[in-house]
Amino acid sequence: MRIVKKSIKIFFFLVLSIIILGSGFTFLYGEKIEQIILSKIREKSEAEIKVKEVNFSVFENFPYASIKLTDMLIMEKEPNINDTLLYVNEGYLQFNIFDLLFEKHNESHEHLDIKKIVLAKSVLNINYDTNGLPNYKIFKTQEDKQKKVKVEQIYFSKSKISYIHLLKKVSIIGKTGTVLVEFDEGNQSRFLVKGDLFMQNLLVGNTDYIQKKKCKIDADFSFSDSIFFIQNGELLIEDVQFSLAGEIKGKKVDLNISAENQKVKSVLSHMPKKFKSVCSSFTADG
């Protein structure tokens with residue numbers, strides 16, 4: 001019984017100590033860390049960035065310290081139309097605070113690690129103009145000696161994402177439930193995408209392949225030069241689940257798609273209108 005009471009006392013002492021230390025750290029260094037984060041974002045960007053409010057917290061995303069960004073707006077880069085690249089109603093940057101405070105004395109680390117970026121109720125618009133120029137290359141070119149920023153995870157919640165490529169005539173518009181993008185530790189050109197979303201449109205040329213459908217995705221992606229690879233992909237469109245893998249290079253699409261134990265009636269009902277007309281003369285199920 002004494003051991004139990006002693007354990008409880010130790011537990012409450014540790015909790016109280018963490019709260020006191022966290023509160024004291026926030027009071028002493030919170031404003032400094034907020035200024036460091038804002039200056040780092042702005043010094044690396046060529047685009048206009050506006051943030052309504054910045055708040056530092058030790059506890060909100062414990063065990064990581066975090067910076068909360070409220071009403072952040074990033075404008076896209078010219079020569080595209082000066083429109084919104086990213087708007088975030090509530091955003092969080094989760095990181096190791098000592099990497100920021102003591103980075104000048106810690107030259108052995110080549111990267112500034114951000115554990116997770118959380119984007120809640122956000123709008124992301126990725127656009128390519130008729131010349132194939134993107135709107136998202138807003139960050140300055142980093143020299144070899146500069147410390148690079150390394151992101152481990154990006155988490156979207158209740159956000160709108162659009163990808164429009166005018167040259168290739170591709171338009172993808174969707175709304176996320178919760179979507180996690182997790183980058184490979186050794187190679188950030190490789191990443192996992194997992195979560196659920198409502199696909200408004202997936203338009204290639206004149207064909208709308210996915211229109212107003214609930215989807216779930218769990219797939220590994222990577223890119224090299226102009227080639228986009230898909231590995232170990234699982235996609236659920238309404239009640240139809242299938243696997244996909246392959247690559248996309250420019251206008252050339254080479255994908256392997258397979259499905260087992262799916263309802264034929266469901267597959268036909270979720271087909272693009274272009275292909276539904278081919279099957280309209282017969283009824284199939286099984």
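**Side-chain interactions and burial in a predicted model**

The charged end of Lys 116 is placed over the ring of Tyr 155, at 5.6 Å from the ring centre; a charge is taken to sit over a ring if NZ of Lys or CZ of Arg is within 6 Å of the ring centre and within 35 degrees of the ring normal. The model is predicted, and local features need pLDDT of at least 70, side-chain atom pairs count only at pLDDT 80 or more, and totals for chains, interfaces and linings use all residues. Residues are numbered from 1 along each chain as its sequence is written, and side-chain values use heavy atoms, with hydrogens and water left out.

The chain contains four helices and 12 strands, defined as DSSP runs numbered from the N terminus (helices: H or I, at least four residues; strands: E, at least two). Of its 286 residues, 36% count as buried, where buried means under 20% relative accessible area, exposed over 50%, and partly exposed in between (1.4 Å probe, protein chains only). The chain exposes about 18,700 Å², of which carbon and sulfur atoms supply 56%; accessible areas come from the Shrake-Rupley method with a 1.4 Å probe, and for residues only the protein chains shown count as cover. Among contacts with a separation of 6 or more, 50% involve residues 24 or more positions apart, a contact being heavy atoms within 4.5 Å.

One salt bridge is counted, the criterion being a side-chain nitrogen of Lys or Arg within 4 Å of a carboxyl oxygen of Asp or Glu. The side chains of Glu 152 and Lys 115 meet in a salt bridge with an N to O distance of 3.3 Å. This pair links distant parts of the chain, with Glu 152 in strand β5 (residues 148-157) and Lys 115 in strand β4 (residues 111-128), 37 residues apart. Glu 152 is partly exposed at 30% relative accessibility, and Lys 115 is partly exposed at 22%.

Four aromatic pairs are found in the whole structure. Rings of Phe, Tyr and Trp (its six-membered ring) pair if their centres lie within 6.5 Å, and planes under 30 degrees apart count as stacked, over 60 as edge-to-face and the rest as tilted. The ring centres of Phe 183 and Phe 191 are 5.9 Å apart with the planes at 50°, so this pair is tilted. Phe 191 also forms a stacked pair with Phe 221, at 5.7 Å centre to centre and 25° between the planes. Because Phe 191 lies in strand β8 (residues 190-204) and Phe 221 in strand β9, the pair ties together parts 30 residues apart in sequence. Phe 191 is buried at 15% relative accessibility, as is Phe 221 at 11%. One aromatic cluster is formed by Phe 183, Phe 191, Phe 221 and Phe 228.

Strand β9 (residues 207-224) also holds Tyr 209, which is partly exposed with a relative accessible area of 35%. Together with Val 204 and Phe 275, Tyr 209 makes a nonpolar surface patch of about 230 Å². Patches are made of residues with over 30% relative accessible area and no salt bridge, like charges being joined within 9 Å and nonpolar side chains (Val, Leu, Ile, Met, Phe, Trp, Tyr) within 5 Å.

Thr 70, located in strand β2 (residues 65-75), is buried at 17% relative accessibility. Beyond its neighbours within four places in sequence, Thr 70 contacts Val 51, Lys 52, Glu 53, Val 88 and Asn 89.
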